[in-house]
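The sequence and structure come first.

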Amino acid sequence: MSDSSPRPAVPVLDVWCELQCPDCRTALDDVRALRARYGDRLEVRLRHFPLEKHKHSFAAAQAAEEALVQGRGWAYAEAVLARVGELDRAGESVLVGTARELGLDAEEFDTALIDGRHILVVDADHAEGKAIGVTGTPTYVVGGERLDGGKSQEGLRERIEGIVDRLLAGQEG
């Protein structure tokens with residue numbers, strides 16, 4: 001006899017990020033470690049919070065959405081974050097070039113940046129972030145708790161792990 005009861009939803013970690021943010025680049029190690037530790041027991045979602053002080057961050061968020069459509073959202077976000085300085089200097093050509101390097105349809109990226117097909121998703125993320133009190137990046141939200149990583153990453157991964165472990169333990173009961 002099989003158990004047909006629905007499996008509880010996995011906990012969600014929203015990572016409010018800005019792809020031109022040096023602090024978000026630093027936070028990548030923690031995000032990678034969390035994804036490796038929990039695998040499919042934790043849904044890690046990239047949420048966009050472009051900051052006005054970084055002039056290419058809005059385009060980078062749109063490009064990340066196009067990468068998601070093309071099946072390589074996290075790989076693309078990580079690749080762009082690794083090029084924060086280059087993005088600062090060279091601008092949006094870095095976004096299309098990164099797509100090409102990852103084997104994505106670079107022409108479609110260019111078209112997506114021109115036609116603005118992902119603007120509403122980015123705007124919605126930004127509005128939701130503001131509504132829940134996100135003021136900078138990276139900011140994490142898990143289990144209803146908001147953790148600000150913009151000031152310091154110190155101890156954040158451990159705090160996130162504690163929350164996720166508690167959420168997962170609550171599902172077992």
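The model described here is predicted.

## The cavity

Rolling a probe the size of a water molecule over the atoms shows where empty space is left. In this model the count comes to 1 cavity of 30 Å³ or more. The largest cavity has a volume of about 70 Å³.

Three elements, β1 (12–17), α1 (22–38) and α3 (73–81), each supply at least two residues of the lining of the largest cavity. The lining is formed by Val15, Cys17, Cys24, Ala27, Leu28, Val31, Leu46, Trp74, Ala77, Glu78, Leu81 and Pro138. Sorted by class, these lining residues are 11 nonpolar, no polar and 1 charged.

## Helices α3 and α5

The crossing of α3 past α5 is right-handed.

On the α3 side the contact is made by Tyr76, Ala79 and Val80, and on the α5 side by Leu95, Thr98 and Ala99. By class, the contact of α3 with α5 has 5 nonpolar residues, 1 polar and no charged.

## Helices α2 and α7

A second pair is helix α2 (residues 57–69) with helix α7 (residues 119–131). Their axes are 9 Å apart, and the helices pack at an angle of about 115 degrees. Angles of 65 to 115 degrees count as roughly perpendicular, so this description applies to α2 and α7. Here too the crossing is right-handed, with α2 passing α7.

Helix α2 contributes Phe58, Ala61, Gln62 and Glu65 to the contact, while α7 contributes Ile119, Val121, Val122 and Asp123. The residues in the contact of α2 with α7 divide into 5 nonpolar, 1 polar and 2 charged.

## A cis peptide bond

Most peptide bonds are trans. The bond from Thr137 to Pro138, however, is cis, with omega near -5 degrees. Where is Pro138 found? Pro138 is in the loop between α7 and β3 (139–142). Pro138 is also one of the residues that line the largest cavity.

Technical notes: Residues are numbered from 1 along each chain as its sequence is written. This is a predicted model: local features need pLDDT of at least 70, side-chain atom pairs count only at pLDDT 80 or more; totals for chains, interfaces and linings use all residues. Side-chain values use heavy atoms; hydrogens and water are left out. On a 1 Å grid over the protein atoms alone, a cavity is a set of points where a 1.4 Å probe fits but cannot get out, and a pocket is an open set with protein on both sides within 12 Å along at least five of seven lines; lining residues have an atom within 4 Å of a point. Grid points are joined across faces, edges and corners, and a volume is the space filled by probe spheres set on the points. Helices (H or I, at least four residues) and strands (E, at least two) are DSSP runs, numbered from the N terminus. Ala, Val, Leu, Ile, Met, Phe, Trp, Tyr, Cys and Pro count as nonpolar, Asp, Glu, Lys and Arg as charged, and the others, Gly among them, as polar. A crossing is left-handed if the near helix is turned anticlockwise from the far one by less than a right angle, and right-handed if clockwise. Contact means heavy atoms within 4.5 Å. Axes are lines fitted to C-alpha atoms, for helices over the stretch in contact, and angles run from 0 to 180 degrees between N-to-C directions. Angles under 35 degrees count as roughly parallel, over 145 as roughly antiparallel, 65 to 115 as roughly perpendicular and the rest as oblique.
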